[in-house]
Amino acid sequence: MGNLGIVMVALAAVLVTLIWELLKVAVWRPYVVTKMLEKQGVRGPPYKFLYGSITEVKRLKKKVSQLVLDINSNDIIPKVLPHYHKWSSEYGNTLLYWHETQPRVVIADADLAKQILSNKFGFYVKPEIRPSIIKLIGKGLIFVEGMDWARHRRILNPAFSMDKLKIMIKRMSECTIKMLGEWKAQAMAAEDLCVKIMINEEFHKLTADIISHTAFGSSYVQGMEAFKAQKELQRCCAASATNIFIPGSQYLPTPSNIQIWKLDRKLKRTLEQIVSNRLKSLATKNSEVDYVDDLLGLMIGASRNSDELNMYEIMEECKTFFFAGHETTSNLLTWTLFLLSKHQDWQDRLREEVFIECGTAIPDADMLTKLKLVNMVLLESLRLYGPVTELGRQATRDMKLGNLLIPKNTCVMINIAAIHRNRIYWGDDANEFNPLRFKDGVSKAATHPNAFIAFSMGPRVCIGQNFAMLEAKIALALLLQNFSFTLASEYKHAPLAILTLQPQFGLPVFVKPLQM
């Protein structure tokens with residue numbers, strides 16, 4: 001056999017191997033997993049070759065893309081998760097669907113959610129994420145696994161201690177007061193001393209400003225540049241989120257990829273410059289000086305003292321903190337303002353509490369701990385309109401989950417929105433705004449102590465939850481001290497999940513200063 005013949009045989013062998021692997025992944029495994037779960041009573045829409053259920057998900061999302069809900073309805077699942085809404089009525093609350101060739105078992109059970117999220121042995125890990133999402137959010141604490149996660153968590157924990165957070169209150173207040181000052185100036189220029197504000201946009205700018213100050217300190221202006229690049233990158237990622245992903249396609253020079261590469265370079269350059277400037281600044285100081293006054297300083301300190309975080313990891317954590325920190329809190333504030341604009345009685349009750357505990361002073365840490373009603377309202381807002389509607393975890397081996405046997409590499413989707421609306425846990429008023437359900441704390445708000453999972457739970461509970469709640473309390477208290485607010489008549493109630501839950505058409509609100 002000549003050289004050409006040998007090459008042809010080798011190529012044929014490679015081709016046969018590739019075809020066999022494709023058939024195993026795209027035909028045989030879907031058949032086996034489907035039959036295995038059907039025997040356990042778990043069914044779902046039929047698997048389609050390579051695409052799975054993606055086409056159907058896209059069709060259902062397109063169908064509800066212009067759907068506007070009743071403004072008095074908090075049942076957002078038909079709009080936000082239309083595929084689950086349809087399939088759960090056909091197959092039950094626990095069901096199977098396919099994301100391309102990946103099986104996904106959806107659960108809406110608090111016991112099963114706790115079993116998954118509380119696992120400390122790495123049996124349930126974060127599912128593989130598209131490269132574009134990694135570029136957006138960074139391979140920081142959210143996505144790293146195993147010993148890397150433990151190392152990152154240990155280094156970052158001190159930045160979120162209550163002592164550190166109390167120091168940040170002044171910066172948070174200053175940013176909020178600046179925003180409210182701009183609102184008051186606009187109101188004074190209006191004939192009726194009332195101005196319409198697109199609240200969601202304002203809160204995005206506010207939380208980005210706060211994150212820029214608390215994460216990057218004196219480099220906050222450059223931090224805002226990073227924020228702008230990240231917001232553009234988010235739009236690109238959201239546009240392609242439901243398209244089928246072919247491994248390696250992220251390297252093709254498509255218009256979408258070129259735009260993602262461009263924004264990623266801009267984001268990296270900005271972060272590199274921030275880190276470089278901080279290192280130059282530190283080089284001129286005594287090496288023993290305590291420079292850990294923000295998140296960046298803390299991470300650089302860890303890398304200098306023990307070489308535990310390299311520069312790549314620092315920049316990835318900056319991306320993660322920036323995205324998770326501003327996106328979640330801005331949406332929490334947005335939906336809280338929506339609920340308080342609808343429920344004027346609760347707006348009045350919160351304002352009264354703020355004036356009793358804080359007067360007209362800028363709230364400090366002690367004052368904020370006394371705002372019990374404010375805390376209840378924020379928790380109820382997170383229950384009804386939490387930034388994250390579902391969480392995914394992938395089984396690293398065949399796992400027993402309740403009465404189910406979950407096959408290895410199956411992704412279990414925890415439907416947070418459904419758990420937060422389950423009448424078994426929350427009562428007949430599960431879809432209604434009732435902050436008093438939290439009067440005795442989170443664990444006693446429902447019949448199940450773990451039915452509230454807005455910040456996840458277990459070892460990977462959100463590290464920034466205290467930061468987010470503190471930031472939201474400060475912003476809300478200062479807002480209530482200075483303004484009354486009502487919902488604009490043109491508001492369209494259309495929550496939409498674009499990585500996080502946000503109002504599809506914005507949230508226009510009329511704000512009026514209490515005193516001029």
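Two strands count as paired if DSSP finds at least two bridges between them. Strands (E, at least two residues) and helices (H or I, at least four) are DSSP runs numbered from the N terminus. The model is predicted: local features need pLDDT of at least 70, side-chain atom pairs count only at pLDDT 80 or more, and totals for chains, interfaces and linings use all residues. Residues are numbered from 1 along each chain as its sequence is written, and side-chain values use heavy atoms, with hydrogens and water left out.

**View 1. The five-stranded sheet.** An open sheet with mixed pairing has the strand order E1-E2-E8-E5-E3. Its edge strands, E1 (95-99) and E3, each pair on one side only. E1 is joined to E2 (residues 102-107) by five bridges, and the two run antiparallel. In this pair, Trp98 stands opposite Pro103 of E2.

**View 2. Strand E5 and its two partners.** Strand E5 covers residues 390-395, and five of its six residues are buried, so E5 is largely enclosed by the rest of the structure. Buried means under 20% relative accessible area, with exposed over 50% and partly exposed in between (1.4 Å probe, protein chains only). E3 (residues 124-125) is antiparallel to E5 and joined to it by two bridges. E8 (residues 411-415) also pairs with E5 in the antiparallel sense, over five bridges. Gln394 of E5 is the bridge partner of Val125, and the bridge partner of Gln394 in E8 is Cys411.

**View 3. Helices on the sheet.** Contact here means heavy atoms within 4.5 Å. Axes are lines fitted to C-alpha atoms, for helices over the stretch in contact, and angles between N-to-C directions run from 0 to 180 degrees. Helix H5 (residues 110-117) lies across E2, E3, E5 and E8 and runs at about 130° to E8.

**View 4. The crossing of H13 and H14.** The axes of H13 (residues 311-342) and H14 (residues 344-358) come within 5 Å, crossing at roughly 110°. H13 is therefore roughly perpendicular to H14; that term covers 65 to 115 degrees, while under 35 is roughly parallel, over 145 roughly antiparallel and the rest oblique. H13 contributes Leu340, Ser341 and Lys342 to the contact, and H14 contributes Gln344, Trp346, Gln347 and Leu350.

**View 5. Ser132 in helix H6.** Ser132 is part of helix H6 (residues 131-137). Its relative accessibility is 13%, so Ser132 counts as buried. Leaving aside residues up to four places away in sequence, Ser132 touches Cys237 and Ile260.
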